[in-house]
Amino acid sequence: MKTLIISSSLSPDSKSFILCSEVNNKLLERGIESKIIDAREIKLTAYHYKESSEMKDLSKEISKADNLIIGMGVHCYSINDSLKIILDNCFNDVTGKFFGILCAAGGEKSYLSTMHLTQICMNEWRMIQLPRVVYATKKDFKEDNISSSELLERIRSFSEEFQSIGSKLLH
Ligand SMILES: Cc1cc2nc3c(=O)[nH]c(=O)nc-3n(C[C@H](O)[C@H](O)[C@H](O)COP(=O)(O)O)c2cc1C
């Protein structure tokens with residue numbers, strides 16, 4: 001199965017990017033064709049502006065993927081602006097695709113923020129979500145490394161379940 005991991009944060013020291021990298025490594029270890037797209041390397045423009053060539057390429061990559069994993073940072077109890085741009089512009093061919101969410105937040109009380117992404121993906125494109133979200137806060141990291149063994153265990157479970165359910169949905 002072809003999995004595309006979209007890391008949507010533009011932060012130079014993005015924590016959700018670290019979650020995406022860790023899951024990517026786990027999926028590659030399991031022999032899955034997995035790859036990360038880092039939004040920091042894409043010129044993102046809002047819907048009514050001219051779409052950049054990188055955004056067109058991202059739409060094609062999303063279209064080719066069997067399933068998607070979306071990395072998000074919480075902004076104001078919701079998804080961040082860059083992720084909304086990606087959803088509005090690059091999710092043209094995602095109907096029914098299986099997806100998972102990896103989320104970084106400042107604090108522990110914003111865990112329901114991922115529901116906004118769930119709502120968009122389910123209501124707009126009837127996408128099917130893995131019923132396990134990896135949610136991390138700054139306490140789970142020491143500089144650029146994951147310091148929480150509990151978070152590493154949740155990442156392991158997420159990767160295992162994503163592969164197992166994702167591959168069944170392809171048959
Ligand atoms: C504009 C803005 C709004 C934020 N709002 C929240 C919030 O509502 N709840 C929360 O827990 N953290 C909030 N944060 C903290 C981020 O979620 C946190 O820095 C997280 O690491 C962001 O993910 P990233 O590092 O991948 O960009 C906010 C940060 C910014 C810059």
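**Helix packing and the ligand site**

Author: Helix α1 (residues 15-29) packs against helix α5 (residues 149-170) at an angle of about 50°, their axes lying 9 Å apart. This makes α1 oblique to α5; angles under 35 degrees count as roughly parallel, over 145 as roughly antiparallel, 65 to 115 as roughly perpendicular and the rest as oblique. The α1 and α5 crossing is right-handed. On the α1 side, L19, E22, V23, K26 and L27 meet L151, L152, I155, R156, F158 and S159 of α5, where contact means heavy atoms within 4.5 Å. By class, the contact of α1 with α5 has seven nonpolar, one polar and three charged residues.

The model is predicted: local features need pLDDT of at least 70, side-chain atom pairs count only at pLDDT 80 or more, and totals for chains, interfaces and linings use all residues. Residues are numbered from 1 along each chain as its sequence is written, and side-chain values use heavy atoms, with hydrogens and water left out.

A second pair is formed by helix α2 (residues 53-64) and helix α3 (residues 81-90), which pack at an angle of about 70° with axes 10 Å apart. Helices α2 and α3 are therefore roughly perpendicular to each other. M55, L58, S59 and I62 of α2 make this contact with I85, I86, N89 and C90 of α3. The residues of the α2 contact with α3 comprise six nonpolar, two polar and no charged.

Turning to the ligand, 15 residues surround it, the closest being S9, S14, S16, V74 and S110; a residue counts as near if one of its heavy atoms lies within 4 Å. A backbone N or O atom of V74 lies 2.7 Å from an oxygen atom of the ligand. For K15, a backbone N or O atom is 2.8 Å from a ligand oxygen atom, and a polar backbone atom of Y77 is 2.8 Å from an oxygen atom of the ligand.

Technical notes:
Axes are lines fitted to C-alpha atoms, for helices over the stretch in contact, and angles run from 0 to 180 degrees between N-to-C directions. Helices (H or I, at least four residues) and strands (E, at least two) are DSSP runs, numbered from the N terminus. A crossing is left-handed if the near helix is turned anticlockwise from the far one by less than a right angle, and right-handed if clockwise. Ala, Val, Leu, Ile, Met, Phe, Trp, Tyr, Cys and Pro count as nonpolar, Asp, Glu, Lys and Arg as charged, and the others, Gly among them, as polar. A polar contact is a pair of N or O atoms within 3.5 Å; within protein, one must be able to donate a hydrogen and the other to accept it, and residues adjacent in sequence count only if both atoms are side-chain atoms.
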